[in-house]
Amino acid sequence: MEIHVISYLILSTVMMFAGIYGFFTRRNLLAILISVELMLNATNINFAVFNRYLFPGVLEGHFFTLFGIAISAAETAVAIAIMINVYRNVRNIQTDDINEMKG
Amino acid sequence: MEYTILILLLPVLSFLVLALAGMKMSHRVAGLIGTLSLCAVTVVSYLTAYAYFAMPRQADGTFAQLMPYNFEWLPFTDALHIDMGILLDPISVMMLVVISTVSFMVHIYSFGYMKGERGFQRYYAFLSLFTFSMLGLVVATNIFQMYVFWELVGVSSYLLIGFYYTKPEAIAASKKAFIVTRFADLGFLIGILIYGYYMGTFTFDPAQEDLMQGALMLPWALGLMFVGGAGKSAMFPLHIWLPDAMEGPTPVSALIHAATMVVAGVYQVARLFPLYIAYAPETLHIVAYVGAFTAFYAASVACVQSDIKRVLAFSTISQIGFMMVALGVCTGMPSHEGGLGYMASMFHLFTHAMFKALLFLGAGCIIHAVHSNEMSAMGGLRKYMPVTHITFLIACLAISGIPPFSGFFSKDEILTACFAFSPVMGWVMTVIAGMTAFYMFRLYYGIFWGTENKALHAAHTPHESPLTMTFPLMVLAAVTCVAGFIPFGHFVTGDGLSYDIHLDSTVALTSCVVAVVAIALATFIYVRDRQPVADALARRFPRLHEAAYRRFYMDEAWLFVTKRIIFRMVSTPLAWFDRHVVDGFMNFLAWATNASAEEVQPMQSGRIQAYTVWFLCGIIVLTLLLML
Amino acid sequence: MEITLQQIVFGVVALMMAVCSVLSVTTGRILRAATALLFVLFGTAGLYFMLGYTYLGAVQLSVYAGGIVVLYVFSILLTRSDKNMNRRIPRGRWFAATVAVVTGFFLTVFLLFTNGFALNTVPALVEQNPAGVGEALVGMDKYGFILPFEAISVLLLACMIGAIMIARKH
Amino acid sequence: MNILSLFVLVPLLMMLGLWAARTLSQVRGVMVAGSSVLLLLAIWLVVDYLGLRAGGATEEMLFTDSVMWYAPLHICYAVGVDGISVVMLLLSAIIVFTGTFASWKLKPLTKEYFLWFTLLSTGVFGFFISVDLFTMFMFYEVALIPMYLLIGVWGSGRKEYAAMKLTLMLMGGSAFLLIGILGIYYGAGAQTMNVLEIARLHIPEEMQRIFFPAVFVGFGVLGALFPFHTWSPDGHASAPTAVSMLHAGVLMKLGGYGCFRVAMYLMPEGLAMWGDVFLVLTTISVVYGAFSAVVQTDLKYINAYSSVSHCGLVLFALLMMTRTSCTGAVLQMLSHGLMTALFFALIGMIYGRTHTRDVRQLSGLMKIMPFLAVGYVLAGLANLGLPGLSGFVAEMTVFVGSFEHTDLFHRACTIIATTSIVITAVYILRVVGKILYGTCHNPEHLKLTDATWDERVAVICLVVCVAGLGLAPWWVSDAVSASVEPIVSQLSVFN
């Protein structure tokens with residue numbers, strides 16, 4: 001296994017900042033959610049990589065990734081449920097247009 | 001002399017009764033309360049005077065200074081405190097007599113003059129207050145007590161001038177009188193502060209070592225105090241309030257603005273006389289010059305005024321100038337030579353109070369009869385008002401300095417003192433004395449001789465006043481006739497020692513001749529129905545006549561100072577500054593807070609994406625900071 | 001330095017993931033974005049395999065690629081959100097975001113390089129035994145994860161109920 | 001139980017009573033009973049105090065008591081009075097009493113109004129009895145906050161603006177104050193908050209230099225120190241009558257009292273450094289307030305600017321640092337409190353009838369409402385320093401005391417300040433001439449009536465106090481002077 005750890009990290013950094021960029025610039029809730037998934041994945045990769053390279057004997061990072069996947073699944077489910085509900089009410093899921101919750 | 005406390009207590013009691021319950025009383029009861037209490041005060045004053053002067057003199061030949069009462073009223077420090085008390089010495093006793101007499105006469109006179117007026121009770125209440133304040137002033141045991149009563153006198157004068165408070169002129173006049181004298185009192189106050197600090201006491205006789213130490217400051221203190229005195233005594237240029245003060249009821253003018261309050265300044269200088277002589281002779285001479293100029297100024301204005309009360313007012317100013325001059329020409333020479341002016345001044349104060357009150361009360365009778373102050377509405381009244389006419393004539397002769405009336409004696413002493421000081425001063429004062437005779441007889445002829453005002457008489461024939469009004473005239477006229485023979489030198493002198501007054505025959509003769517010539521001139525010009533000479537003179541010198549008639553524009557100057565300078569140039573800009581700059585700054589702070597909040601508010605847009613951008617930026621900045 | 005197969009595979013996968021992740025946030029069509037995301041998720045699973053975490057890779061494939069992306073696609077179709085993807089954010093904000101992101105990216109990379117990871121000691125490629133994973137997951141001993149596991153289970157249940165409650169027609 | 005605590009307890013009981021009161025007459029009953037009790041209590045305290053002093057009690061403060069409140073910061077509920085606080089308590093009690101009558105007919109929400117009013121007076125009384133810095137500060141705030149509601153709800157004119165301005169400016173001042181108090185506490189070694197104990201400790205000079213201006217400005221804002229006085233005209237103009245009375249009469253005195261008791265007493269070296277600067281400011285206040293009052297057209301503005309001038313004189317006298325001038329300052333606080341309360345009461349009563357306070361629209365009131373007019377003239381005369389009324393006594397003590405300072409700068413300031421008495425006469429007489437004298441041209445005004453009994457009670461009570469202080473000043477002067485002594489002797493080292 002000759003792949004240097006930094007390669008993984010750079011890759012996850014790219015994903016992370018791609019996700020951040022998407023989060024900043026997208027106006028569609030679903031697209032934002034996609035960006036969030038990217039960021040989550042980037043962190044998951046980091047957990048796994050560090051687990052493997054730093055503490056190969058234990059499984060903390062591994063399980064963190066596992067739980068992360070579970071949580072993101074839950075999050076996606078709830079988010080999409082909300083989105084559909086919002087869409088049902090306002091026929092739109094653009095962030096700038098949804099401001100009726102603001103005071 | 002414990003009973004002297006009554007002199008102060010009775011008027012203040014009558015004031016309180018009248019002020020609190022006066023509105024419930026009838027006019028007669030209120031008037032009686034005031035008059036009777038004043039009657040009692042007069043009796044007590046005479047008793048005091050008799051008892052005081054009957055006392056044996058001290059070993060050094062002076063009268064003892066008595067202080068029957070003196071208690072600490074307001075302590076400042078151990079040494080400085082305002083005391084309230086009664087001080088009896090020759091001049092204060094003399095003043096007691098003068099004030100109580102004139103005030104009593106005015107109280108009686110007012111019964112007739114103010115009959116049926118609205119606010120009759122208030123009038124008597126104020127009279128009592130004034131009498132109280134004036135009496136308190138003259139018996140003051142220290143300079144601060146004097147100041148206290150000085151202010152009270154000022155305020156009662158304010159209230160009395162503004163008695164007809166629905167008349168705009170009266171309101172303006174009362175305000176003016178108070179503010180001008182108040183302004184002058186500022187000088188008095190600062191003078192007192194200096195005096196108190198350097199002398200370590202407010203009494204009139206500081207300790208010798210303090211005097212030595214503070215000798216440098218004493219002329220300043222006395223000079224500033226004289227500013228206060230000049231304000232009350234209407235010295236130029238602070239005299240402007242006095243002519244206007246004639247808006248008050250005429251008996252008030254007689255009491256306050258002729259006989260008593262206006263001589264407070266003279267009294268003040270006389271009271272501090274020993275200090276002036278010993279430590280500030282130059283200041284004393286300044287007093288003389290101010291007095292001389294005022295006397296001349298007022299006499300020249302009096303020659304052309306048409307309102308009879310104004311004429312009398314300027315005559316008062318002029319005569320007070322005489323008294324000031326007399327005090328001012330005193331020198332520290334031993335025996336009574338140096339202090340002659342002091343005696344003369346007090347003597348003149350005494351006689352003047354009587355005949356000037358008489359003149360004013362007479363003028364009151366005339367105004368009562370013709371319902372006007374203007375000379376043009378009068379003329380030929382001698383047939384209708386014999387008593388007034390005779391008494392007025394006596395007063396005019398007295399003020400002109402014709403023997404044997406009282407004015408002759410006192411004025412003669414003043415002129416003698418002036419000649420002793422310097423011949424120039426003597427001649428100047430003689431000329432002014434002549435002017436006095438001239439304008440007084442101009443007034444006299446204008447009122448009692450000349451053409452009758454038919455139009456006016458048709459509606460309402462003038463008639464002699466009731467006895468309540470003529471009685472005081474007769475009393476005062478009698479006093480005027482005999483007062484000159486009082487051996488004043490035995491009672492009041494500069495050094496306290498007794499001596500006999502003797503007339504300086506040259507001076508007496510000169511002043512008599514001048515007076516007679518002036519009267520003759522006035523007779524020549526004014527006695528006939530028509531007055532070609534006077535008109536011709538007025539036409540020949542229109543500017544001068546106009547200027548004198550307008551009192552040499554002193555009122556305009558005063559108005560300029562108050563309206564333009566204080567109101568427009570100081571107060572209005574200051575108020576503007578306050579509203580717009582100081583307050584504007586505070587409002588600007590509030591506005592700036594609001595505005596910056598408005599600026600910050602859009603950042604709290606509720607857009608999570610915007611927040612996260614800031615969040616990221618924050619992280620980057622923090623990271624960079626950590627790296628550094 | 002010779003290039004091993006592993007490195008080649010990693011390079012291909014990494015390139016695909018990088019490209020796809022950028023694509024998924026820049027493309028104008030949401031369906032394409034979802035597709036790009038799918039490829040990224042596949043790639044991630046591949047990385048897990050390469051690290052020897054086969055179980056993790058399997059979960060990644062089944063839950064993410066299989067479950068979540070399908071959910072996305074469904075909701076994209078349901079909300080017809082494709083048609084308004086083209087609305088751009090304000091230029092100023094876009095500029096700020098780009099600057100922040102680029103700066104952040106380079107800063108992170110710089111930090112990674114300067115940190116000096118001394119991890120050249122490569123662990124042996126040992127496949128993590130799924131049985132061991134299972135035991136550790138429900139184990140109660142020192143390295144057991146029963147408690148987090150339960151917590152996640154409860155969380156998932158709650159989310160499930162919540163999602164149903166929210167999406168339910170009133 | 002300490003008698004001083006009753007001054008806080010009674011208002012609290014009053015509030016309880018007010019809360020329970022159901023009808024208007026019950027509300028009034030509670031107020032009259034409570035304020036009378038306070039007044040009697042204050043009189044009793046004065047008598048007791050003078051008796052103790054005459055009996056040879058030489059402690060700086062009498063009736064002291066101290067209960068620990070919060071030990072870690074040494075916060076105590078510490079009370080005690082000397083001559084200064086005794087007269088201030090008497091003043092407050094008189095004004096609360098008369099203020100009750102002055103707002104007799106106030107509507108609507110009478111009960112709530114009196115609740116806040118009583119809370120305000122709780123703060124005032126509490127402030128004057130406290131000798132603990134923190135407790136003092138707390139009561140100060142208690143007195144401040146109800147002001148906002150009282151003006152904002154029951155005021156007139158631009159009341160929201162005025163209430164906001166007043167509260168914010170005073171709060172700004174109290175922020176400075178808090179900083180200053182903490183500075184004093186830590187400067188004195190963080191051992192005690194008790195003023196008397198701190199006075200015996202020494203605060204480092206450099207700390208004094210920093211915190212003296214903070215405390216002085218903090219209290220000075222309340223004492224209408226130029227240029228922080230602008231809340232006063234707006235606030236007073238908008239406040240309801242009794243609030244104006246209490247505010248100008250008592251609350252502004254908190255400023256002077258605090259400057260003296262806290263700033264000057266505890267930080268004499270700071271004073272030595274900053275004294276001249278503040279002296280210039282106060283001299284400006286004195287003259288500037290008077291000049292500004294000359295051209296105002298609203299009666300309350302005139303009185304507010306006059307208050308700026310007179311309260312400026314209080315601070316001015318304090319900064320002169322002589323025993324006499326400081327005594328004068330306390331007398332001036334007392335005198336100004338009484339006469340300005342009288343003024344505001346009368347203005348309120350006139351305004352209640354004519355519905356205008358514009359001097360240009362009023363005239364000839366002397367004929368229509370003689371009682372109020374005479375009261376107004378008396379208040380005016382007291383204000384311009386007529387002997388026999390309180391103003392004279394106070395001003396003269398101040399000026400005589402100030403003149404004891406021999407250097408040219410202080411002398412010049414004194415002389416400039418004395419000119420204010422002339423300007424005061426100008427604006428007082430202007431108003432009296434315009435609104436009271438003359439003939440009334442407004443037919444509406446001709447129908448108006450004179451004062452009712454409740455108004456008469458308020459006016460007569462205040463007039464009697466003003467005249468009482470003016471006629472018999474020696475007893476107050478002696479008591480105050482003795483209490484000023486220890487504080488001034490602290491300062492005199494630096495003279």
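A: Before we start, a helix here is a DSSP run of type H or I with at least four residues, a strand is a run of type E with at least two, and both are numbered from the N terminus. Please keep in mind that this is a predicted model.

Q: What about chain C, how many helices and strands does it have?
A: Chain C has six helices and zero strands, so that, read along the sequence, its pattern is α-α-α-α-α-α. Of its 170 residues, 29% count as buried, and residues 24 or more positions apart account for 50% of the chain C contacts with a separation of 6 or more.

Q: Which domains does the assignment give for chain C?
A: The domain assignment gives domain 1, covering 1-86, and domain 2, covering 129-170. The centres of these two domains of chain C, taken over C-alpha atoms, are separated by 24 Å.

Q: Switching to the chains together, which pair shares the most contacts?
A: Four pairs of chains are in contact, and among these pairs chains A and C share the most contacts. In that pair, 68 residues of chain C are in contact with 59 residues of chain A.

Q: Which helix of chain C gives the most to that side?
A: Helix H3 (54-79) of chain C is one of the elements that give two or more residues to the side touching chain A, and H3(C) gives the most, with 13 residues. By class, this side of chain C has 51 nonpolar, 16 polar and one charged residues.

Q: Which chains do not touch chain D?
A: Chain A and chain D do not touch, and their nearest C-alpha atoms are 25 Å apart. Chain C and chain D do not touch either, with their nearest C-alpha atoms 38 Å apart.

Q: Then how many residues does the contact between chain D and chain B take from each?
A: The contact takes 39 residues from chain D and 38 residues from chain B. Several helices of chain D each supply at least two residues of the side that touches chain B, including helix H11 (268-294) and helix H18 (420-436). H18(D) gives the most to this side, with six residues, and the residues of the side divide into 23 nonpolar, 14 polar and two charged.

Q: I can see helix H25 of chain B; what length should it span?
A: Helix H25 covers residues 554-600 of chain B, and because a helix is taken at 1.5 Å a residue, its 47 residues should span 69 Å, which agrees with the 63 Å between its end C-alpha atoms.

Q: Where does H25(B) bend?
A: H25(B) bends by about 45 degrees at B:Gly584.

Q: Is it well covered or hardly covered?
A: H25(B) is hardly covered, as the count of buried residues among its 47 residues is four. Those buried in H25(B) are B:Ser571, B:Leu574, B:Ala575 and B:Asp578, and the buried residues of this helix pack against H11 of chain D.

Q: New topic: how many residues are in the largest nonpolar core?
A: The largest nonpolar core has 433 residues, and among those with the most contacts inside it are B:Val325, B:Leu327 and D:Leu342. The largest share of this core, 20 residues, comes from helix H16 (residues 340-370) of chain B. A second, separate core of 74 residues includes A:Met16, A:Leu40, A:Phe47 and C:Cys159.

Q: What is B:Leu327 in contact with?
A: Leaving aside its neighbours within four places in sequence, B:Leu327 is in contact with several residues of chain B, among them B:Val266, B:Phe273, B:Val287 and B:Tyr342.

Q: Last one: why does B:Tyr124 count as buried?
A: B:Tyr124 counts as buried because it has 30 C-beta neighbours inside 10 Å, and the cut-off for buried is 20 or more. Its place is in helix H4 (residues 120-138) of chain B. Not counting residues up to four places away in sequence, B:Tyr124 touches B:Leu18, B:Ala30, B:Gly31 and B:Gly34.

Notes:
Residues numbered from 1 in each chain as written. Chains lettered and ligands numbered in written order. Predicted model: local features only at pLDDT ≥ 70, side-chain atom pairs only at ≥ 80, totals over all residues. Domains from an automatic or database assignment. Core = buried A, V, L, I, M, F, W, Y, C linked by C-beta atoms within 7 Å. Buried ≥ 20, exposed ≤ 12 C-beta atoms within 10 Å, placed from the backbone. Contact = placed C-beta atoms within 7 Å. Nonpolar A, V, L, I, M, F, W, Y, C, P; charged D, E, K, R; others polar. Expected span 1.5 Å × (residues − 1). Bend = angle between axes of the 7 residues up to and from the residue.
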